Amino acid sequence: MALPGERFHVLAQLEHLQSKYTGTGHADMNRHEWVVNQHRDTRAFNMSHPGLNTFIAVVENESRARTRFNQINRMIQPCGPPPEKNPLDDV
């Protein structure tokens, strides 16, 4: 059980934010993972706001449904494949 003063500790608050919001990052997250989270969040934001989705559709000269479909497909690997891991990184 946590001590009463531990609830408001800075690291405890940071751990809570990291569990609630994946884009905040953590010490073990590499640059690629962080950028992928940012791109996915941006695409999700664009799709969830109808006015912004309409604006993107007009700019791309596509229908709103096609624009939404393209945004969903771009969320799969927004920054390309992840870089290969170095076996020395796990030590």
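The model described here is predicted.

**The buried side of H4**

- Thr67, Asn70 and Gln71 are the buried residues of H4.
- Viewed down the axis of H4, these buried residues fall within an arc of 100°, so they line one face of the helix.
- Residues three or four places apart in an α-helix point the same way, because the helix has 3.6 residues a turn.

**Packing of H3 against H4**

- Helix H3 spans residues 50-60 and helix H4 spans residues 64-74; they pack at an angle of about 100°, and their axes lie 9 Å apart.
- That angle makes H3 roughly perpendicular to H4, since angles of 65 to 115 degrees count as roughly perpendicular.
- On the H3 side, the contact is made by Asn53, Thr54, Ile56, Ala57 and Glu60.
- On the H4 side, Arg64, Thr67, Arg68, Gln71 and Arg74 make the contact.
- Sorted by class, the contact of H3 with H4 has 4 charged, 4 polar and 2 nonpolar residues.

**The two sides of H3**

- Asn53, Ile56 and Ala57 are buried in H3.
- Down the axis of H3, its buried residues fall within an arc of 100°, so they line one face of the helix.
- The cover over the buried residues of H3 includes H4 and helix H2, which spans 31-48.
- On the face of H3 turned away from its buried side are the exposed residues Gly51, Phe55, Val58 and Val59.

**Asparagine 61, between the two helices**

- Asparagine 61 sits in the loop between H3 and H4, just after H3.
- The phi of asparagine 61 is near 55°, a positive value in a residue other than glycine.
- Asparagine 61 has 70% relative accessibility and therefore counts as exposed, the cut-off for exposed being over 50%.

**Histidine 32, in H2**

- Histidine 32 belongs to helix H2.
- With 18% relative accessibility, histidine 32 counts as buried, because buried means under 20%.
- Leaving aside residues up to four places away in sequence, histidine 32 touches Cys79, Gly80, Pro81, Pro82 and Pro83.

Terms used
Residues numbered from 1 in each chain as written. Predicted model: local features only at pLDDT ≥ 70, side-chain atom pairs only at ≥ 80, totals over all residues. Heavy atoms only, no water. Axes fitted to C-alpha atoms, helices over the stretch in contact; angles between N-to-C directions. Helix = DSSP H or I, 4+ residues; strand = E, 2+ residues; numbered from the N terminus. Parallel < 35°, antiparallel > 145°, perpendicular 65-115°, else oblique. Contact = heavy atoms within 4.5 Å. Nonpolar A, V, L, I, M, F, W, Y, C, P; charged D, E, K, R; others polar. Buried < 20%, exposed > 50% of the residue type's maximum accessible area, 1.4 Å probe, protein only. Arc of directions from axis to C-beta.
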